[in-house]
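Morning, everyone. Please take a look at the structure on the screen.

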Amino acid sequence: MPSGYAPPMVDTTVCLLAPKTILPAEALSRFTAEHPDLQVRWVEYQEPNELRRARVLGTVTPELQELEPQLTDEDRAALRSAVAVVALDLPT
């Protein structure tokens, strides 16, 4: 086998969780073109700053928790099957 070769993975879903403004569309297009074996799923997800800060400090209240963006059933299924997740924030 050539150096650096990795056999293909059975499930090749990769999820990106972030606001779409964080990664230029051309960068995402280039990445998917260079990796046709990966199924890239973009999940629009961004927590409000006050919730993010409370998570860091360990002071999340029920009121702040309600600010967490909701994922669709399709998003949750993609996350369950993903072999990799790249995220700015992670949902609970």
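This is a predicted model: local features need pLDDT of at least 70, side-chain atom pairs count only at pLDDT 80 or more; totals for chains, interfaces and linings use all residues.

First, strand 1. It covers residues 13–18. How many of its six residues are buried? Six of the six, so strand 1 is largely enclosed by the rest of the structure. Buried here means under 20% relative accessible area.

Now the side chains. In a regular strand they alternate between the two faces of the sheet. Look at strand 1 with that in mind. Thr13, Cys15 and Leu17 point one way. Val14, Leu16 and Ala18 point the other way. Both sets are buried.

Next, the partners. Strand 1 runs parallel to strand 2, residues 39–44, and six bridges join them. To find your place, take valine 14: it stands opposite valine 40 in strand 2. Strand 1 also runs parallel to strand 3, with four bridges between them.

What do strand 1, helix 1 and strand 2 make together? A right-handed β-α-β unit, with helix 1 at residues 25–34.

Last, the surface. Ile22, Leu23 and Leu88 form a nonpolar patch there. Together they have about 240 Å² of accessible area. Where is leucine 88? In the segment after strand 3, which spans 84–87. Leucine 88 has a relative accessible area of 42%, so it counts as partly exposed. The band for that label runs between the 20% and 50% cut-offs.

To recap: strand 1 is buried at all six residues, and it pairs in parallel with strand 2 and with strand 3.

Terms used: Residues are numbered from 1 along each chain as its sequence is written. Side-chain values use heavy atoms; hydrogens and water are left out. Patches are made of residues with over 30% relative accessible area and no salt bridge: like charges are joined within 9 Å, nonpolar side chains (Val, Leu, Ile, Met, Phe, Trp, Tyr) within 5 Å. Accessible areas come from the Shrake-Rupley method with a 1.4 Å probe; for residues, only the protein chains shown count as cover. A salt bridge is a side-chain nitrogen of Lys or Arg within 4 Å of a carboxyl oxygen of Asp or Glu. Helices (H or I, at least four residues) and strands (E, at least two) are DSSP runs, numbered from the N terminus. Buried means under 20% relative accessible area, exposed over 50%, partly exposed in between (1.4 Å probe, protein chains only). Two strands pair if DSSP finds at least two bridges between them. A crossover is right-handed if, with the strands pointing away from the viewer, the path from the first strand over the helix to the second runs clockwise.
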